[in-house]
Amino acid sequence: YSDATALSQYLPSLGALGGAVGGLTPSSLTSLRFPVNILSITSVVLVSNLDENKVSPDALFTLFGVYGDVVRVKILYNKKDNALIQYSEPQQAQLAMQHLDKIRWHDRVIRVAPSKHNNVQLPKEGQPDAGLTRDYSHSPLHRFKKPGSKNYMNIYPPSSTLHLSNIPPNISEETLTEAFEQNGFQVKAFKFFPKDHKMALCQLEDVETAIDALIAMHNHKLAENAHLRVSFSKSGI
C-alpha cells in the first residue's frame, strides 16, 4: 500500500471539496499535509511495513493509544506486516497519522495512512485469526475518555525522552530506573519535576528505544493502586 493507493479512494470526495484540493493527483497528495478536517473521514488507519516477528495487537494498542483511544486492532492474517487500527473518533486517527507516519520502529520506517475501512471487523465464528484481532473498546487504559482530558494538551511525536506520571510519593529515582533496566532499557538521564514528584522525565538511548520502553512500561505496576503512565515528552532533560 503506498500513500497514493491508500488515498486514492478519497479522490472523488476530495475533488468535491473544490479549491482546497483542486487538481491534485495521487502522487501530489502523498506530499500534502491536509488540514485536520479534510481527512477526518475515517477513524481507521492502515499501518504498513511493521516487523511481523516483533509486533502484537497489545504493542500497537499502547503505542497508537498515545494519540487517541484505540477501539480495535487487527494485524492482517495474510499480510502480517500490516495492521488496521480503529480509533474512537477520526481526529485521533489524524493525530496518529501526523505523529507516527514515517517513524523508525524495529529498524523499519513504518507508514500510517487512512484506511478505506470505516471500522475493524471482528473475526466471524470459526474464522482463522490466531489472536491477531483484538477488541479494546472496554479497556481501562484509554487516555482520552474524559471529555476535555488534559492529555489532549500533551500529545507529542515520539522522542527519546519519556514523560512519566502517576508516580507514588515513596518511589525513588533508583526504583524507577531499576524498573526500566529490568525490562532491558538503559536510562541515560532522569529528572523528577521540581514541584511535583508524581512526574518525571526519563531519557533513553534513542527514539526507537523510547518507543519500546513506552510500550513495555506504560501501566507498569509501581504500588498496590499505582500504575505508571508513560507518554512522549516535548522536551529533553
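The following conversation concerns a predicted model of a protein structure.

Colleague: What should I know about the model before we start?

Modeller: The model is predicted, so local features need pLDDT of at least 70 and side-chain atom pairs count only at pLDDT 80 or more, while totals for chains, interfaces and linings use all residues. Residues are numbered from 1 along each chain as its sequence is written, and side-chain values use heavy atoms, with hydrogens and water left out.

Colleague: How many residues of helix H4 are buried?

Modeller: Seven of the eight residues of helix H4 (residues 57–64) are buried, so the helix is largely enclosed by the rest of the structure. Buried means under 20% relative accessible area, exposed means over 50%, and partly exposed is in between (1.4 Å probe, protein chains only). Helices (H or I, at least four residues) and strands (E, at least two) are DSSP runs, numbered from the N terminus.

Colleague: Which residues of H4 are the buried ones?

Modeller: They are Pro-57, Ala-59, Leu-60, Phe-61, Thr-62, Leu-63 and Phe-64. Asp-58, by contrast, is partly exposed, with a relative accessible area of 38%.

Colleague: And what does Asp-58 meet in a salt bridge?

Modeller: Its partner is Arg-134, at 2.8 Å from N to O. A salt bridge is a side-chain nitrogen of Lys or Arg within 4 Å of a carboxyl oxygen of Asp or Glu. The structure holds six salt bridges. Arg-134 is partly exposed, with a relative accessible area of 36%.

Colleague: Changing topic, how many aromatic pairs are there?

Modeller: The structure holds two. Rings of Phe, Tyr and Trp (its six-membered ring) pair if their centres lie within 6.5 Å; planes under 30 degrees apart count as stacked, over 60 as edge-to-face and the rest as tilted. Phe-61 and Tyr-136 form a stacked pair, with 4.2 Å centre to centre and 10 degrees between the planes. This pair links helix H4, which holds Phe-61, to the loop between S7 and S8, which holds Tyr-136, 75 residues apart.

Colleague: Are Phe-61 and Tyr-136 buried or exposed?

Modeller: Both Phe-61 and Tyr-136 are buried.

Colleague: Why is the pair of Phe-190 and Phe-192 edge-to-face?

Modeller: The ring centres of Phe-190 and Phe-192 are 5.2 Å apart and the planes are at 85 degrees, so the pair is edge-to-face. Phe-190 counts as buried at 12% relative accessibility, and Phe-192 is buried with a relative accessible area of 15%.
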